[in-house]
Amino acid sequence: AIAGCDIMATSVGANELEHIAPVLAKAVALRMERGGGPLDVILCENQLGADTLMRGWINGHLSDEQRAWADANLGLVEASISRMVPPQPPEQLAKDPLLLRVDPSSELPVDSAAFRGPIPDLAGIIPYTPFDFYMKRKLFLNNGSHALCAYMGYGKGLETIWQAIAD
């Protein structure tokens, strides 16, 4: 299926990316063999440099010829994940263990320079260049404000970020 698509995404967690690299490498090899065009993989992981890490893991499973093809045709597109999926309360899990709650954010900023094919016109995709600037801004503002709230809440004896924000 991967060898036949033009765009896909991962969302497996930064610690699991290495484990899916062999599957992606097989898809790259098959796509090259079939004469396919570019394949863009949006990496929806909270991992700085996920594109570099993933390319290294994939390349470890490719021949020299396949690596050259992948360098030209495999876009490993970093994304900035900002949608939160908080842990579900035990009483909610007891009612429906498959129910998820998420925040209303529906934007997915991506590294526009990393695409090998055309940037897709998909709802929520927001291309940025330079993406490194966007990521540093996100880390400083989003993650920094969460850390500040957590620190201030901890000082007051609060246990969760939502309690600190409500305070």
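Tutor: One term before we start: contact means heavy atoms within 4.5 Å. Also note that this is a predicted model.

Student: Fine. Which residues does Lys 138 touch, leaving out those up to four places away in sequence?
Tutor: Lys 138 touches Asn 46, Ser 80, Ile 81 and Asn 143.

Student: And is Lys 138 buried or exposed?
Tutor: Lys 138 is buried, because its relative accessible area is 12% and the cut-off for buried is under 20%. Lys 138 lies in helix H5.

Student: Back up a bit. How many helices and strands are there in the protein?
Tutor: The protein has six helices and five strands. Starting at the N terminus, the order is β-α-β-α-α-β-α-β-β-α-α.

Student: What does the C-alpha trace span along its principal axes?
Tutor: About 60 × 40 × 30 Å. The accessible surface is about 10400 Å², and carbon and sulfur atoms account for 59% of that.

Student: What share of the residues is buried?
Tutor: Buried residues are 32% of the 167 in the protein.

Student: And what share of the contacts with a separation of 6 or more comes from residues 24 or more positions apart?
Tutor: That share is 65%.

Student: Charges next. How many positive and negative side chains are there?
Tutor: There are 13 positive and 20 negative side chains. The centres of the two sets are 2 Å apart.

Student: Now helix packing. At roughly what angle do the axes of H1 and H3 cross?
Tutor: Roughly 85°, and the axes come within 10 Å. Helix H1 covers residues 17-33 and helix H3 covers residues 64-73. The two helices are therefore roughly perpendicular to each other.

Student: Which residues make that contact?
Tutor: From H1, Val 28, Ala 29, Arg 31 and Met 32; from H3, Glu 65, Gln 66, Trp 69 and Ala 70.

Student: What about Val 23, where is that?
Tutor: Val 23 is also in a helix, namely H1. Val 23 counts as partly exposed, because its relative accessible area is 49%. Between Val 23 and His 61 there are 9.4 Å, C-alpha to C-alpha, at a sequence separation of 38 residues.

Student: Switching to the backbone: which residues does the cis peptide bond join?
Tutor: Thr 129 and Pro 130, with omega at about -5°. In general, most peptide bonds are trans.

Student: Where does Pro 130 sit?
Tutor: In the loop between strand E5, residues 125-128, and helix H5, residues 131-155.

Student: Last one. Where is Glu 159, and is Glu 159 buried or exposed?
Tutor: Glu 159 is in the loop that runs between H5 and helix H6, residues 161-166. Glu 159 is exposed, because its relative accessible area is 74% and the cut-off for exposed is over 50%.

Student: How far apart are Glu 159 and Leu 43?
Tutor: They are 32 Å apart in space, C-alpha to C-alpha, and 116 residues apart in sequence.

Note on methods: Residues are numbered from 1 along each chain as its sequence is written. This is a predicted model: local features need pLDDT of at least 70, side-chain atom pairs count only at pLDDT 80 or more; totals for chains, interfaces and linings use all residues. Side-chain values use heavy atoms; hydrogens and water are left out. Helices (H or I, at least four residues) and strands (E, at least two) are DSSP runs, numbered from the N terminus. Buried means under 20% relative accessible area, exposed over 50%, partly exposed in between (1.4 Å probe, protein chains only). Accessible areas come from the Shrake-Rupley method with a 1.4 Å probe; for residues, only the protein chains shown count as cover. Lys and Arg count as positive and Asp and Glu as negative; His and the chain ends are not counted. The place of a charge is taken as NZ of Lys, CZ of Arg, CG of Asp or CD of Glu. Axes are lines fitted to C-alpha atoms, for helices over the stretch in contact, and angles run from 0 to 180 degrees between N-to-C directions. Angles under 35 degrees count as roughly parallel, over 145 as roughly antiparallel, 65 to 115 as roughly perpendicular and the rest as oblique.
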